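I set out to look up how the chains of this model are built and how they meet. My entries follow in the order in which I made them.

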Amino acid sequence: MNRWIRWQGLVAFLGVTISICLIWALFVDPVIKRIIEKTGTKIVGAKVELEKADLSLFPIGLTLFGLQVTDPDEPMKNAVEIGRIAGTVDSLQLLRRKVIVDEMSVEGVRLGTQRIRSGAISKKTEKGGKDKKKEAVPGLTMMKLPDIQDLLGKENLQTLQLVQSIRTDIEGGKELWTKNIAGLPGKEKIDGYRKRIEALKGTKGSSKNIGDIGGILSSAGEAQTLYKDIQADLELLQKSQKGLNATLANFKDQIAKIEKAPQEDVRRLSEKYGFSAYGLANMSRFFIEPGITAWVDRGLYWKARLEPLVERAIEKKGNAEVIKPLRAKGSDVRFKEKEPLPDFLIRVAKVSVQLPMGDFSGAVKNITPDQNILGQPLLFAFSGEKLSGVRSVRLDGAINRVSPGSPEDSINLRLEGYKVQTKSISQDSSLPLTLEKGDADLELKAALSKGFIDATVAAKLQGVRFSAGGADAQSGFGKAVSSALSGVSTVVVKAMITGPTNNYQMQISSNLDDILKDAVGSIIKDQVAQFENKLRAAISDRVSGPLQEAKGSLGGFEGLGGEVESRISQLTGIQGGGVQKQSQLGGFQLPFKLPLQ
Amino acid sequence: MITIIAKILKALNSETDPAQIGLAVSFSLIAGLTPTLSIHNLVVLFLVLILRVNISIFIVGIGIFSGLSFLLDPVFHRIGLGLLTAGPLEGLWTSFYNLPLLRIERFNNSIVMGSLLFSIALFVPAFIFSMFIVRQYREHILERVRNTRIMQMIMASRIYSTYQAVSGWGSNI
């Protein structure tokens with residue numbers, strides 16, 4: 001027995017095990033801190049820092065202190081700073097490798113706090129939805145004509161693209177027809193026919209007895225074959241001529257259409273840069289849309305960033321699910337459980353947010369990346385009453401991944417009695433507009449389903465006062481806008497946002513539309529006409545050269561057409577005069593009519 | 001490091017039972033190829049310490065097989081995933097999945113499953129092969145190696161003096 005067993009090894013094993021436990025107890029807190037910082041930084045795309053992590057064993061629980069999540073867009077600011085996060089873990093479930101937290105408290109949440117050091121990370125990480133920004137609304141730049149050359153430098157003209165395309169087509173067509181024509185009966189074949197005719201004529205004058213019936217029939221047969229050969233080639237050439245003419249006509253037709261295309265470019269660019277009838281009828285969007293767009297983009301950006309926390313990649317193989325873990329190697333395969341539970345779940349997180357206007361508290365339920373197992377979506381609800389500057393605010397919503405194939409998110413925000421003070425609504429240097437004061441009621445309802453957004457924003461501002469500054473506020477457009485807005489006391493805005501998240505459309509209507517249209521409509525109309533004329537002239541200038549070149553390259557087709565025409569006339573000449581009629585080739589005439597004639 | 005090399009030389013050249021060396025290689029195969037922080041490796045450690053297994057060879061083996069595991073991970077992933085998603089075994093894995101001890105073992109991870117099965121399959125062949133190699137070495141090569149110039153130089157070096165120093169140790173460790 002002792003040959004194979006060494007009993008002192010048992011002591012060594014206990015020693016090694018106890019040492020591992022001691023090392024784990026000593027280093028687990030810094031390791032957890034490091035894991036949270038590293039994973040958080042990867043998800044957010046900017047530094048996530050933690051002051052301290054404390055893991056307790058009896059009961060098993062984790063407390064985090066001083067969590068700072070940098071705002072990726074402003075690295076000197078924290079998007080969120082949390083004083084303390086504490087929760088206890090269900091130890092029985094931990095044996096099943098499941099982290100289940102029944103209740104977690106998140107205290108001292110503050111938003112937009114200043115950082116001492118920059119939280120930017122050197123490695124540029126993917127920014128998700130935020131990079132896919134919609135094209136900016138031009139804002140009040142519509143009161144000044146943009147530099148046409150700059151504008152054309154930035155934009156791709158459809159007319160130029162069409163010209164390039166037709167030129168390529170013409171060159172391709174020419175190449176094709178040159179090859180086709182080279183394959184058609186040409187000089188060699190025509191000469192061959194002439195020689196055959198000569199040979200037939202020679203038969204007549206040869207020693208062969210033409211009076212011999214057999215000789216006559218033989219010559220007639222050869223003449224008939226020759227006629228058929230010429231006729232076949234002639235038909236081939238005529239068919240090709242028809243095709244060539246059709247191609248040429250098609251190109252000419254396309255060029256004629258391209259000549260009208262600049263008007264389409266003018267219309268498109270006018271609309272894009274706000275110089276359109278729609279722009280004139282919806283002038284309020286120039287003030288309102290940038291703000292809403294920024295909100296929507298920010299919301300979508302954070303949604304994309306936090307997506308891995310509520311959903312993970314799952315591949316179904318039979319009844320088993322193959323799960324790609326956030327970290328670690330390999331894939332975890334999940335099987336049916338007797339009591340199904342997610343691998344990670346925080347049933348309730350009670351959150352207290354400290355805003356400048358006061359405390360805003362609420363709860364987030366069912367935080368898990370495995371909602372399909374839990375069968376319940378993530379829900380959140382926050383509210384605040386009698387805050388400084390706001391009578392009441394309520395925010396609730398759901399992130400539903402219960403059916404991973406049909407993700408559905410929703411958010412509702414209701415803000416009452418929000419006192420607006422000195423809010424800039426246009427940063428245009430020539431006409432900066434500021435909403436000096438007003439009482440706002442706002443209601444937002446948004447739903448996001450399978451990558452499509454459907455949202456409505458309704459806002460009513462009462463007792464508003466606008467102020468306009470800048471050089472342009474003293475004259476023309478600026479003066480008209482400034483004067484119109486000075487008489488406004490109530491603003492009602494309704495916005496509808498619909499479409500795919502990377503290219504959503506926004507429709508905004510407001511009582512400001514009519515007010516502004518009345519005030520500056522005529523000024524804008526002049527600007528639109530001026531802009532369109534200049535744009536049309538500049539586009540024509542750019543397009544005329546390439547278009548002339550395209551037209552010029554059609555000349556090559558005429559050369560090809562001439563070549564085919566010449567071959568046809570030569571063959572017609574041979575056919576008409578050489579065989580049946582008297583011609584310059586000879587004067588051979590059959591003594592009887594051919595049956596085909 | 002020098003001490004470890006000396007111990008390996010001693011194990012190979014001394015009267016250490018080839019089975020002890022073979023077991024050390026086989027156990028290091030499991031501990032080295034599978035993810036280190038696994039419950040089964042605690043069992044392997046227990047067995048290595050309680051059985052008269054050559055620890056120096058075990059430590060060096062872990063180093064070698066751990067390096068090898070980086071290259072073999074994709075293979076282990078495929079083997080593991082293939083087994084875990086095989087229809088006929090689904091019932092077995094499902095019952096394992098509901099046992100807390102096996103959940104801690106992370107048997108349902110493709111790399112854990114692939115590497116563990118791979119190393120267990122090679123356990124006996126590695127044991128027999130190692131014993132065979134040690135015996136062949138001692139019978140046919142050892143004397144010739146001792147007479148080579150390099151070995152003569154080594155025998156004059158620090159490694160050899162360390163080897164001599166440890167040669168007085170119990171032959172089981």
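**Entry 1: chain B overall.** I began with the contacts in chain B between residues at least 6 apart in sequence, of which 86% join residues at least 24 apart. Chain B has 173 residues, and 39% of them count as buried (20 or more other C-beta atoms within 10 Å of the residue's own, C-beta atoms being placed from the backbone). I found 9 helices and 0 strands in chain B; helices (H or I, at least four residues) and strands (E, at least two) are DSSP runs, numbered from the N terminus.

**Entry 2: confidence.** I noted that this is a predicted model, in which local features need pLDDT of at least 70, side-chain atom pairs count only at pLDDT 80 or more, and totals for chains, interfaces and linings use all residues. Residues are numbered from 1 along each chain as its sequence is written, while chains are lettered from A and ligands numbered from 1 in the order in which they are written. The mean pLDDT (the predictor's confidence in each residue, from 0 to 100) of chain B is 83, and 82% of its residues reach 70 or more. Over residues 168-173 of chain B, pLDDT stays under 50. The model scores ipTM 0.73 and pTM 0.56.

**Entry 3: a helix pair in chain B.** I then looked up α2(B) (residues 18-33) and α4(B) (residues 55-84), whose axes come within 7 Å and cross at roughly 35°. Axes are lines fitted to C-alpha atoms, for helices over the stretch in contact, and angles run from 0 to 180 degrees between N-to-C directions. The residues of this contact divide into 14 nonpolar, 5 polar and no charged. Ala, Val, Leu, Ile, Met, Phe, Trp, Tyr, Cys and Pro count as nonpolar, Asp, Glu, Lys and Arg as charged, and the others, Gly among them, as polar.

**Entry 4: chain B against chain A.** Which element gives the largest share of the side of chain B that touches chain A? The contact takes 26 residues from chain B and 26 residues from chain A. The largest share of the chain B side, 5 residues, comes from α4(B). By class, that side has 12 nonpolar, 10 polar and 4 charged residues.

Conventions
Contact = placed C-beta atoms within 7 Å. Buried ≥ 20, exposed ≤ 12 C-beta atoms within 10 Å, placed from the backbone.
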